Amino acid sequence: MQDLMASGMASLLSPMVLSFALGLVAALARSSLSFPDAVAKGMSLYLLFAIGFKGGVSVSTHGLEGTLIGSIIGGVLLSFIIPFVAYGLLRSITRLSALDAAAVAGHYGSISIVTFVTAISVLVSAGITSEGYMVAVAAAMEAPAILSALWLAARSGGAGQMDGELWREVLLNGSIVLLLGAFAIGTVTGEKGMADIESFIVSPFKGVLCLFLLDMGLVAGRGLRQARGLITAPLLLFAIAMPLIGAALALPIAMMLGLSVGGVTLFMVLAASASYIAVPAAMRVALPEANPTIYLTLALGLTFPFNLTLGIPLYLAAAQFAAGG
Amino acid sequence: MQTHRAKRVEIIIELPMERRLTDALTAAGVTGFTVLPVLGGSGRSGRWSREGQVSAAVGMVAVICIVRPDKVDGLLEAAFRVLEKHIGVVSVSDCDVLRAERF
């Protein structure tokens, strides 16, 4: 137990989490600190490429494991199911309209790639290995929740539309293409490829992640400041309870799949995180009458900081307890 | 110098809808338009700023087109079909252009 607490504290006091906290505090205090958009975009491209490439190299080293397909199917199923749980919870404890609840629910079924990247970094710092193919599971879990959200919206009388163009935009959004593309490059080039570019994608990784999380802290803080009047106690409760529920749903599936402690942690993180990049854009097109301030504030302003500070150490502790790591 | 009367239509629209709008305008016979980034603003959906946004869902753009007066109705009908349920502003104003054959 003491080990788990120590590992949790180490994660909380890591440069990544503290950088995020700095950004959050700076934004809440109305500091002028900001990153140019192009720099933030460049850092996110770097992180996606690095994490995808490393995942690919890991697969090339250890070979394709039998759990790969099972993990992807499990992840997709979770992504479909979680919005229904989120929708039920929202409708029972908050006063959100059915349409807003459906839109929010879609975000919680999808994933936050930054939370995933941070969790990998925490695992690496703790010396815990994980399945490289979890990158592919993350990519597979981006989109299914959108379908569940649209079905929920249609059931409640909202006219959600998902045309071919929107499907193309969701499935080929830049993050997914880069993540899977880098994963493929890593798989093909393997250890030799890694040796060639290691100095670029391994050593600077944590420093770039710190700066990126500092920027994310600023973004989350600004969002919270602008949406102060919107956050009610039931919404706050939802934003904290839902990731825990998602992680709890993921844990038995990950255990059944036979994932390692690192893999179980990442699977829980994926189920616990909420999208604030791909799904909001899809919702603006498909469910334009849903209020974007609500779903962005919940996913980015509340659940993302919760997962980053308390969630990841908690999921790691649960995975270590359950998988006996 | 000789100038010609024209209409300037400015449509401020959510970024995810940009391509759908410009495709609809092209299909409605609009021969040219200009897309400008929007830094921020305030309206029925509250205050908003482009600064530091990570999701394209909260970005906005201004699509500006200048057309002959007789083309305005067709353009607005095409734009309305795309914009109807979305956050945005559509305005039409008079302007003068030098080369009428280009519009």
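Here are some notes on the predicted model of chains A and B, starting with chain B.

1. Ground rules. Since this is a predicted model, local features need pLDDT of at least 70 and side-chain atom pairs count only at pLDDT 80 or more, while totals for chains, interfaces and linings use all residues. Residues are numbered from 1 along each chain as its sequence is written, chains are lettered from A and ligands numbered from 1 in the order in which they are written, and side-chain values use heavy atoms, with hydrogens and water left out.

2. Chain B overall. Its secondary structure comes to two helices and six strands, with helices (H or I, at least four residues) and strands (E, at least two) taken as DSSP runs and numbered from the N terminus. Along the sequence the pattern reads β-α-β-β-β-β-α-β. The C-alpha trace of chain B spans about 45 × 30 × 20 Å along its principal axes. Of the 103 residues in chain B, 35% count as buried; buried means under 20% relative accessible area, exposed over 50%, and partly exposed in between (1.4 Å probe, protein chains only). Take the contacts in chain B (heavy atoms within 4.5 Å) between residues at least 6 apart in sequence: 80% of them join residues at least 24 apart.

3. The sheet in chain B. Four strands make an open sheet in the order β2-β5-β1-β6 (chain B), with antiparallel pairing; two strands pair if DSSP finds at least two bridges between them. The edges are β2 (34–37) and β6 (88–97) of chain B, each with a single partner strand, so one side of each has no neighbour in the sheet. On average, neighbouring strands of this sheet are turned by 20 degrees against each other, direction ignored. Axes here are lines fitted to C-alpha atoms, for helices over the stretch in contact, and angles run from 0 to 180 degrees between N-to-C directions.

4. β5(B) in more detail. Strand β1 (residues 4–14) of chain B is joined to strand β5 (residues 60–67) of chain B by eight bridges, and the two run antiparallel.

5. The helices of chain B. Helix α1 (residues 18–27) of chain B lies across β1, β2 and β5 of chain B and runs at about 10 degrees to β5(B). Helix α2 (residues 72–83) of chain B lies across β1, β5 and β6 of chain B, at about 0 degrees to β1(B).

6. Where does α10(A) bend? At G190(A), by about 110 degrees, the bend being the angle between axes fitted to the seven residues ending there and the seven starting there. G190(A) is itself buried, and other buried residues of α10(A) include G186(A), G193(A) and M194(A). The buried residues of α10(A) pack against α3 (37–62), α6 (113–125), α7 (134–140), α9 (164–171) and α11 (205–226) of chain A.

7. S121(A). This residue is found in helix α6 of chain A and, at 2% relative accessibility, counts as buried. Leaving aside neighbours within four places in sequence, S121(A) is in contact with M16(A), F205(A), K206(A) and L209(A).

8. One backbone angle to check. R30(A) has a positive phi of about 60 degrees although it is not a glycine. R30(A) is found in the loop between α2 (15–28) and α3 of chain A, and is exposed, with a relative accessible area of 57%.

9. The interface. 23 residues of chain A are in contact with 17 residues of chain B. The area buried between the two chains is about 1700 Å², of which carbon and sulfur atoms give 52%; buried area is the accessible area (1.4 Å probe) that two parts lose on being put together, summed over both. In chain A, D37(A), R284(A) and V285(A) lose the most area to chain B, together 26% of what that side buries.
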